[in-house]
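Subject: Structure for your files, with notes on contacts and salt bridges

Hello,

Please find the structure below. My notes come after it.

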Amino acid sequence: MLRIDEGSTRHWLLRLLGFAVITFIVVWVPTQMSSSRIGQFTDAFILMIAAMSLNLVLGFTGQISIGHSAFFGIGGYTAAILIKDHGWSPGYTFYAAAVVAFVVGCVVALPALRIRGIYLALVTLAVAVLFPTLVRWKKLAWLTDGSKGMDSVRYEDVPVWPILGELKGREGRAVFMFWLGLIVVVATYLVCRGIVKSRFGRALVAIRDNETAAAVMGVNLTTTKVLVFGVSAALCALGGVLSTLKSGVITPDGQYVTLLGSIVFLLVMIVGGAGTLWGPIIGGLVYVWLDNTTRDIGTSDSGILGALFGWADQSPATLILGLVLVVIMFAAPYGLVGLAKRLGRKVVVIVPRPVGSSTPR
Amino acid sequence: MSLLEVRALSAGYGPVEVLHGIDLDVDHGEMVVILGANGAGKTTTMRAVSGMIGRSGSVTFDGVDITRTNAEKLVGMGIAHVPQGRGTFPDLTVMDNLRVGAYARSGGIAADIDRWFAVFPRLAERRDQRAGSLSGGEQQMLAIARALMSHPKLLLCDEPSLGLAPLITQEVFEVLKKLNADEGLSVLLVEQNANLALKVAQRVYLLETGTVVASGSAAQIASDDAIRKAYLGA
Amino acid sequence: MERFFQYLFDGLSLGSIYALLALGLVVVFRGTGHLNFAQGEMAMICTFVVWQFNDWGVPLVLSIILGMIVGFALGAGVEATIIRGVAKKSQAGVFVVSIALFLGLNSLAAMIWGSLPPEQLPGLFPDEPDDFQRIFGAVWRYEYIGVLAVALVLMGLLFLLFAKTKFGLAMRAVASNPESARLAGIPTGIVLASSWGIAGAMGALSGTLWGGIVGELNAGLMFTVFIYASAAATLGGFDSPGGAVIAGLTIGVGEQFLAGYFPGWIGQEMKLSAALLTIFVVLLVKPSGLFGSTKVERV
Ligand SMILES: Nc1ncnc2c1ncn2[C@@H]1O[C@H](COP(=O)(O)OP(=O)(O)O)[C@@H](O)[C@H]1O
Ligand SMILES: [Mg+2]
């Protein structure tokens with residue numbers, strides 16, 4: 001077992017190594033892979049963003065939300081409406097979507113403050129159920145185009161970024177969306193990291209661990225909870241914008257806009273590791289990989305799986321996904337990051353710097 | 001042979017070992033008290049004896065090895081445990097609490113309820129009230145009555161005086177002493193109030209960070225100056 | 001006035017189905033403190049099982065009883081194997097597992113029965129167009145009367161089980177204080193598995209009643225009913241069985257009134273949303289439901 005002091009040269013080398021690996025993957029994917037694979041990574045980015053936003057309220061503050069699909073949808077619809085009806089350039093809709101979702105998030109959070117535990121779960125579930133029906137509602141059809149949804153919401157011409165060269169056609173769009181997605185993921189990560197490591201972040205964790213004690217310590221419960229919910233909603237909306245720009249369409253029963261979306265976000269976050277900064281990122285990758293792999297299994301009729309499931313009327317993809325999730329939860333009850341930390345500790349231990357000494361040795 | 005024989009008992013929570021090999025006996029008709037500071041492991045001892053937590057070593061009850069027996073089974077064999085703090089079912093009525101106490105047996109339940117109502121008249125007055133709405137003292141009496149409904153040979157009683165007014169504590173101890181004297185009920189008692197416990201118990205174990213550091217008759221312990229100074233605060 | 005009674009009566013019948021499923025949610029929650037997201041899908045699978053038995057020639061009533069037995073076994077088995085194992089390690093894990101069950105059961109039903117022609121689950125009661133009775137001018141269909149009667153009888157039996165039997169006493173004791181229940185000799189494992197089993201059996205019945213009204217079976221059969229049932233459990237208070245029944249019936253009636261009297265603004269499409277919004281407002285005043293105790297904090 002290797003022991004490394006936090007902040008030592010070896011620790012920095014280790015970090016550098018990790019950074020290099022990530023950079024390599026990030027450059028390798030959009031240059032070497034097929035555009036459908038690249039698209040899958042963009043899908044993973046979208047889920048990461050949503051799961052990271054959820055992690056702020058559930059993982060770090062302990063407030064459950066099954067309503068984040070609504071904020072995701074708000075993001076997507078804000079982008080669609082601004083681009084289609086008001087001729088906005090897609091890039092600016094990220095800011096607008098974040099602002100709209102922040103306001104809605106705060107409004108939802110205010111009354112939800114009085115409600116806790118399982119009741120909060122059900123109230124936020126109601127928000128998730130409400131959103132698509134509101135979009136579909138005939139009284140709002142002038143804004144949302146009702147149940148048929150909105151299409152051709154995308155970059156008409158992919159903007160030229162000198163570093164990427166000129167990107168053309170479907171492939172070019174896929175590569176561009178990959179980079180755009182990556183930028184939003186990194187931005188979201190940095191925002192979450194900044195929050196978690198700040199005074200505000202310590203207030204969040206204090207609320208999660210013991211609300212009464214947090215209040216006694218001087219944390220303003222109302223402001224903190226409302227703010228974090230608003231920020232979380234805003235970040236989730238970024239995922240929604242990205243998703244709409246990628247597919248070009250948004251409908252009231254589209255992917256991640258319904259209750260099912262909220263559930264997927266929760267799965268991604270918990271499977272990755274709730275309350276950890278990297279959990280949603282790992283969770284997003286694993287979920288998209290699982291989702292695509294199991295779907296492929298369903299389509300082939302040969303081999304063991306063909307023999308096992310050949311009788312079935314429909315693909316066993318979702319069943320297998322369910323089984324794998326159960327297995328993961330038995331093997332890694334605190335998520336994959338929790339498991340990795342436990343296993344990693346057997347190989348390498350980072351010895352934390354003694355409290356108070358701020359200069360690295 | 002004693003009624004309860006505990007040998008080299010170790011137990012804890014998860015990876016943390018709290019008890020490090022305890023020997024302890026309770027004879028037929030004896031009242032034994034475990035004394036010790038907060039966190040010494042008294043509650044853990046009780047929980048280990050009644051099988052609520054994993055344990056190693058050996059526990060023999062009435063000649064039967066019960067080291068691997070489930071907690072649920074022990075009631076039927078004659079061990080009743082009144083846990084520390086809330087031993088009642090707060091959402092159930094007083095009557096239902098007593099009925100739950102008789103879960104492991106059948107027959108003569110109504111007569112038994114009447115009997116404990118006679119011993120604890122205040123419970124009788126509140127028979128249809130939710131246990132959660134009783135006072136602390138009444139809840140403790142209910143918890144004891146509930147345990148006695150199973151016709152135990154051995155009663156484990158964990159800090160019955162916790163949070164009770166001195167007068168109420170006195171009353172609870174009177175009842176325990178009377179049951180021990182009149183009916184030969186064996187009692188293993190955990191107590192922080194040493195002076196009170198030494199008056200009712202015949203034998204004493206002194207527990208410190210998971211090990212027995214002294215034991216003897218109540219009279220011996222009460223007259224040992226060193227022990228008095230160190231543990232009994234007098 | 002005729003409309004009033006029509007809405008009231010339709011609402012009571014539909015509400016009784018919500019109440020059955022909600023009661024299952026409450027029984028599970030009181031026992032193990034979990035929200036079983038797969039409750040609706042378990043009911044849906046059992047409804048298919050009922051159809052299957054019936055299709056094989058087993059009389060309908062017997063098929064329903066068999067379906068309820070399967071529901072009991074499914075619920076109890078899931079608790080004893082998967083849920084208990086994960087709950088020991090992490091509460092969030094239980095949430096994931098119940099979602100995984102939701103996905104898995106849904107997929108399984110589609111795999112086994114997916115390509116059936118739109119099958120008619122025969123109703124338990126006469127449902128020809130003229131099988132109705134006029135009371136106060138409203139059309140009271142025999143089918144709806146039957147659904148309400150069956151649901152009410154089953155709920156009555158369940159409350160008798162809770163209140164009058166030794167097993168019911170054990171269930172209440174475990175819900176109130178699991179540790180002391182064990183010390184009193186109650187086999188808590190069996191009791192908890194049974195609460196999930198009872199919830200499964202009730203789900204089977206509510207699915208069959210609902211399937212009889214809808215007629216056509218598919219894997220999405222119980223989704224909306226599950227939302228209504230969760231709403232009912234929330235409104236009534238998650239640890240109050242009586243509350244779940246009253247809230248289920250109230251929601252059933254309330255949505256009929258809302259949809260019926262405000263066809264322009266609410267109508268059929270918005271009635272669920274309107275009901276959910278109303279519940280939201282109620283929760284602001286009573287944060288743990290109408291009849292729930294305030295100590296409920298677990299998820
Ligand atoms: N559920 C638990 N999990 C982990 N540690 C525990 C638990 N209960 C008690 N302990 C630890 O075990 C030790 C003994 O506790 P306990 O037996 O309750 O002491 P006593 O009853 O003598 O006050 C203490 O250090 C306490 O922190
Ligand atoms: Mg103690």
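Predicted model: local features only at pLDDT ≥ 70, side-chain atom pairs only at ≥ 80, totals over all residues.

Residues are numbered from 1 along each chain as its sequence is written, chains are lettered from A and ligands numbered from 1 in the order in which they are written, and side-chain values use heavy atoms, with hydrogens and water left out.

Chain C with chain A

Taking contact as heavy atoms within 4.5 Å, 55 residues of chain C touch 44 residues of chain A. The two chains bury about 4,400 Å² between them, 78% of it on carbon and sulfur atoms; buried area is the accessible area (1.4 Å probe) that two parts lose on being put together, summed over both.

There is 1 salt bridge between chain C and chain A, with a salt bridge defined as a side-chain nitrogen of Lys or Arg within 4 Å of a carboxyl oxygen of Asp or Glu. C:Glu269 and A:Lys138 form a salt bridge at 2.8 Å, N to O.

On the side of chain C that touches chain A, the elements giving two or more residues are helices H3 (60-87), H4 (91-113), H9 (223-236) and H11 (267-285) of chain C. Helices (H or I, at least four residues) and strands (E, at least two) are DSSP runs, numbered from the N terminus. H4(C) gives the most, with 16 residues.

Domains of chain A

The contact takes 15 residues from domain 1 of chain A and 16 residues from domain 2 of chain A. Together the two domains bury about 1,300 Å², 72% of it on carbon and sulfur atoms. Between them there are 0 salt bridges and 1 residue pair in polar contact, both at pLDDT 80 or more. Strand S1 (2-5) and helix H1 (9-32) of chain A are the elements that give two or more residues to the domain 1 side, and H1(A) gives the most, with 9 residues.

Salt bridges elsewhere

The whole structure has 23 salt bridges over all chains. C:Glu179 pairs with B:Arg47 at 2.5 Å, N to O. This pair crosses between chains, from helix H7 (residues 178-183) of chain C to helix H1 (residues 42-49) of chain B. Buried here means under 20% relative accessible area, exposed over 50%, and partly exposed in between (1.4 Å probe, protein chains only). C:Glu179 is partly exposed at 33%, and B:Arg47 is buried at 17%.

Within chain B, B:Lys153 and B:Asp62 form a salt bridge, their closest N and O atoms 2.8 Å apart. B:Lys153 lies in the loop between helix H6 (136-148) and strand S7 (154-158) and B:Asp62 in the loop between strand S4 (55-61) and strand S5 (64-65), so the pair ties together parts of chain B that are 91 residues apart in sequence.

Regards

Key
Polar contact = N/O pair within 3.5 Å; in protein donor to acceptor, adjacent residues only side chain to side chain.
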